[in-house]
Amino acid sequence: MAKIKSLCKWKEKDIAKRMDLLVSLTEEPTYVCRKCARVSNTKKALCKAVPLPARLPSIKRLKVA
Ligand SMILES: [Zn+2]
């Protein structure tokens with residue numbers, strides 16, 4: 001299997017070219033990068049992966065600054 005380029009290193013062009021791979025890597029995420037705040041369902045795609053902690057129950061009601 002081909003090695004996955006860390007999402008943390010993706011440039012705008014990579015994202016546009018590999019949107020299909022991006023969707024596969026980020027659906028139902030189980031890891032978060034503690035350096036870049038990116039999420040993925042495999043730690044191979046993040047530079048400083050840590051398991052995703054429990055989420056807030058109603059984030060949609062929070063205001064983002
Ligand atoms: Zn990262």
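User: Which residue of β2 does Y31 stand opposite?

Analyst: This is a predicted model, in which local features need pLDDT of at least 70, side-chain atom pairs count only at pLDDT 80 or more, and totals for chains, interfaces and linings use all residues. Residues are numbered from 1 along each chain as its sequence is written. Strands (E, at least two residues) and helices (H or I, at least four) are DSSP runs, numbered from the N terminus. Strand β1 covers residues 31-33 and is joined to β2 by 2 bridges, the two running antiparallel. In β2, the residue opposite Y31 is S40.

User: In what order do the 3 strands lie in the open sheet?

Analyst: Two strands pair if DSSP finds at least two bridges between them. The sheet is open and its pairing is antiparallel. Its edge strands, each pairing on one side only, are β2 (39-40) and β3 (49-51). The order is β2-β1-β3.

User: What pattern does the protein follow along the sequence?

Analyst: The protein has 2 helices and 3 strands. Read along the sequence, they give α-α-β-β-β.

User: Which residues make up the largest nonpolar core?

Analyst: A nonpolar core is a set of buried Ala, Val, Leu, Ile, Met, Phe, Trp, Tyr and Cys residues joined through C-beta atoms within 7 Å. Buried means 20 or more other C-beta atoms within 10 Å of the residue's own, exposed means 12 or fewer, and partly exposed lies in between, with C-beta atoms placed from the backbone. Of the 65 residues of the protein, 11% count as buried. The largest core has 5 residues in all: L7, L25, A45, L46 and A49.

User: Which residues does L7 touch, not counting residues up to four places away in sequence?

Analyst: Contact here means C-beta atoms, placed from the backbone, within 7 Å. L7 belongs to the largest nonpolar core. Beyond four places in sequence, L7 touches L25, R38, S40, A45 and L46.

User: Why does W10 count as partly exposed?

Analyst: W10 is found in the segment before α1 (12-17). Its contacts, leaving out residues up to four places away in sequence, are K5 and I15. W10 counts as partly exposed because its C-beta neighbours inside 10 Å number 18.

User: How far apart are the C-alpha atoms of S24 and S40?

Analyst: S24 is in helix α2 (residues 19-26). S24 is partly exposed, as 14 other C-beta atoms lie within 10 Å. S24 and S40 are 16 residues apart along the chain, and their C-alpha atoms are separated by 8.7 Å.

Terms used
Contact = placed C-beta atoms within 7 Å.
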